[in-house]
Amino acid sequence: QVQLVESGGGLVQAGGSLRLSCAASGRTFSTYVMGWFRQAPGKEREFVASISTSGSVTNYADSVKGRFTISRDNAKNMVYLQMDSLKPEDTAVYYCAARLLFLSVYSYWGQGTQVTVSS
């Protein structure tokens, strides 16, 4: 089992940057595929990015490709989301999530961190 705690959200102007962090508990962090999701008011939660257990493979939603970068540090049990060139439509609660490699469903979720991008 793993517990996830996000941090780093806040208010930023359009064009600015934020770096989200997700701290994971447990000794088996490196066995989990990690992902970032977001949910804007009145909208369904959507996939943002994911990273493989080793960090060698990443995937992004088309809406953030080229602007966001996901990374992980298995020695520190951390996963990050660097967000650049932020747009007002990036405003949402951002969630860190974890899934075991052989499962397609993310089983563990953080509490979320608010990101607000002003125009």
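The model is predicted, so local features need pLDDT of at least 70, side-chain atom pairs count only at pLDDT 80 or more, and totals for chains, interfaces and linings use all residues. Residues are numbered from 1 along each chain as its sequence is written, and side-chain values use heavy atoms, with hydrogens and water left out.

Start with the fold. The protein has zero helices and eleven strands. Helices (H or I, at least four residues) and strands (E, at least two) are DSSP runs, numbered from the N terminus. Along the sequence the pattern reads β-β-β-β-β-β-β-β-β-β-β.

Next comes the overall size. The C-alpha atoms fill a box of roughly 40 × 25 × 25 Å, taken along the principal axes.

Of the 119 residues, 45% count as buried. Buried means under 20% relative accessible area, exposed means over 50%, and partly exposed lies in between (1.4 Å probe, protein chains only). The accessible surface comes to about 6,300 Å², and 49% of it belongs to carbon and sulfur atoms. These areas come from the Shrake-Rupley method with a 1.4 Å probe; for residues, only the protein chains shown count as cover.

Contacts also span the sequence. Among contacts with a separation of 6 or more, 55% join residues 24 or more positions apart. Contact means heavy atoms within 4.5 Å.

Now look at Asp 90. This residue sits in the loop between strand 8 and strand 9. Asp 90 is buried, at 1% relative accessibility. Its side chain makes a polar contact with the side chain of Arg 67, at 2.7 Å. A polar contact is a pair of N or O atoms within 3.5 Å; within protein, one must be able to donate a hydrogen and the other to accept it, and residues adjacent in sequence count only if both atoms are side-chain atoms. A polar atom of the Asp 90 side chain also lies 2.8 Å from the backbone nitrogen of Lys 87. Not counting residues up to four places away in sequence, Asp 90 touches Arg 38, Arg 67, Phe 68, Ser 85, Val 115 and Val 117.

With residues up to four places away in sequence left out, Arg 67 touches several residues, including Gln 82, Met 83 and Leu 86.

Ser 85 lies in the loop between strand 8 and strand 9 (92-100). Ser 85 is partly exposed, at 41% relative accessibility. Although not a glycine, Ser 85 has a positive phi of about 50°.

Asn 77 has a positive phi as well, about 55°, and is not a glycine. Find Asn 77 in the loop between strand 7 (68-73) and strand 8 (78-83). Asn 77 is buried, with a relative accessible area of 18%.

End at Ser 104, in the loop between strand 9 and strand 10 (108-109). Ser 104 is exposed, at 67% relative accessibility. Its C-alpha atom is separated by 23 Å from that of Ser 21, 83 residues apart along the chain.
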